[in-house]
Amino acid sequence: MGVEARAKVLPGHQISVEQQRLMSVDGLLPSKVIRPSDAQDAARGLRQCDLVPARVVVWGGGTQMRLGSVPRGYDIAFSTAGMSRLLEYEPADLTCRVEAGMRLSELQAALAAHGQRLPLDPPHPQRATVGGMVAANANGLSRARYGTVRDWVIGIAVAYPSGKVARAGGKVVKNVAGYDLMKLHIGALGTLGVVAEVNFKIQTRPEAQATVLGHFDGALPAIGAAARLAREYLAPSAAIVIDRHVLWACGLTADWRWTLALRLEGYAREVDAARDLASRVVREAGGRVEGQDILAAFWDAARDWSAPADEVVLLRVITPVVGLPAVMVAVPADAQALIQPPSGIVDLRVPATTAAVALEGLRGAAGADGQVVVLSAPPSVKPSLDVWGPPPPGFPIMRALKQALDPNGILNPGRFVGGI
């Protein structure tokens with residue numbers, strides 16, 4: 001039968017009971033683990049899995065593993081932990097090339113040594129990997145000011161079940177060579193291929209930072225103030241509206257019904273001017289500005305709130321900014337909310353017992369122009385929830401791409417939109 005013969009034994013290494021528990025996904029456990037050392041090794045490993053065929057779930061730092069539908073099966077944990085090097089870094093060109101398993105905190109530390117950074121702040125950067133960030137399109141709280149993952153990726157290398165590695169983009173900011181495979185894999189949740197390397201453009205770190213807090217009696221005035229500031233030249237790098245429960249979870253003990261938190265960055269004189277502007281806008285919207293010092297841990301906790309480590313149901317509403325008032329009307333009274341008004345994002349923690357009802361109501365409020373997805377849910381609840389909602393109009397193309405790149409359906413089977 002030659003090289004195309006079906007394998008009889010699962011590839012990979014044996015896995016301990018404790019490792020199985022740590023790498024479980026929605027209650028499913030892997031039988032073996034594969035830890036490739038580079039892009040070519042990853043492609044070889046995927047080819048071995050495809051010959052069985054063995055169902056593969058790709059693992060980075062595990063921070064986004066609650067995202068997605070319950071897998072149809074799980075044989076192999078495909079870990080990128082052995083692919084964690086900074087391959088190239090050109091400070092003068094503001095570019096770098098990184099293996100997918102590198103922790104984001106380690107990348108940021110290497111860039112900070114040269115006064116630079118990647119302005120993406122996905123949750124739990126000490127564990128989050130570059131590849132996981134790209135696969136899950138995890139952007140953090142700064143997307144309205146600095147854009148999303150796709151705005152900073154300039155090149156990519158992907159390993160496929162065919163045993164091949166495809167590369168797209170390049171090492172320079174202005175590059176239009178080849179098909180735009182980068183956007184194809186950003187946010188695809190590893191269902192089309194395993195991201196092995198990523199090229200980024202980066203930026204200089206800001207000279208100064210400051211935080212402005214304003215508290216409001218209602219959510220909508222706070223949302224309006226944040227939306228207005230996002231249109232200014234001195235726009236905040238992050239603007240969130242949170243209820244009192246999220247405020248407490250972020251380390252502040254004040255009993256404010258709704259809080260608008262603004263992170264300001266730039267040159268020192270710009271930050272001073274932005275602080276004055278933000279304070280004026282908050283007051284004009286009916287809020288009260290607080291002058292207390294804010295610990296850096298506040299923003300870390302706010303960033304991580306939308307990727308919970310505990311077994312909670314977390315819903316994300318994505319809507320045009322003009323649709324936020326209608327969505328807020330549909331927010332259940334017992335929900336906890338973190339809102340990014342400039343991006344039209346509303347993250348909600350809701351009780352498991354009422355999650356299905358809340359999901360239906362929010363999808364009705366978001367309408368055809370919005371989307372509501374389940375970011376996290378306990379294994380006991382997730383099968384009863386429609387994680388992604390109706391497939392988009394372009395779903396037949398998505399399904400055809402899946403068939404072309406992963407014909408045996410081994411990669412994260414069933415976890416993405418429409419059961420892909």
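Analyst: Two strands are said to pair if DSSP finds at least two bridges between them. Strands (E, at least two residues) and helices (H or I, at least four residues) are DSSP runs, numbered from the N terminus. The model is predicted, so local features need pLDDT of at least 70 and side-chain atom pairs count only at pLDDT 80 or more, whereas totals for chains, interfaces and linings use all residues. Residues are numbered from 1 along each chain as its sequence is written, and side-chain values use heavy atoms, with hydrogens and water left out.

The open sheet comprises five strands in the order β5-β6-β10-β8-β9, with antiparallel pairing. Because β5 and β9 (165–169) each have a single partner strand, they stand at the edges, and one side of each lacks a neighbour in the sheet. From one strand to the next, the twist averages 10°; axes are lines fitted to C-alpha atoms, for helices over the stretch in contact, and angles run from 0 to 180 degrees between N-to-C directions.

Within the sheet, β8 (residues 153–159) pairs with β10 in the antiparallel sense over six bridges, and V158 stands opposite V195 in β10. Helix α3 (residues 104–112) lies across β5, β6 and β10, running at about 30° to β5; contact means heavy atoms within 4.5 Å.

Two loops remain to be considered. L94, in the loop between β5 (86–90) and β6 (95–99), has a positive phi of about 60° although it is not a glycine. L189, in the loop between α7 (181–185) and β10 (194–201), likewise has a positive phi, near 60°. L94 is partly exposed, with a relative accessible area of 29%, while L189 is buried at 9%; buried means under 20% relative accessible area, exposed over 50% and partly exposed in between (1.4 Å probe, protein chains only).
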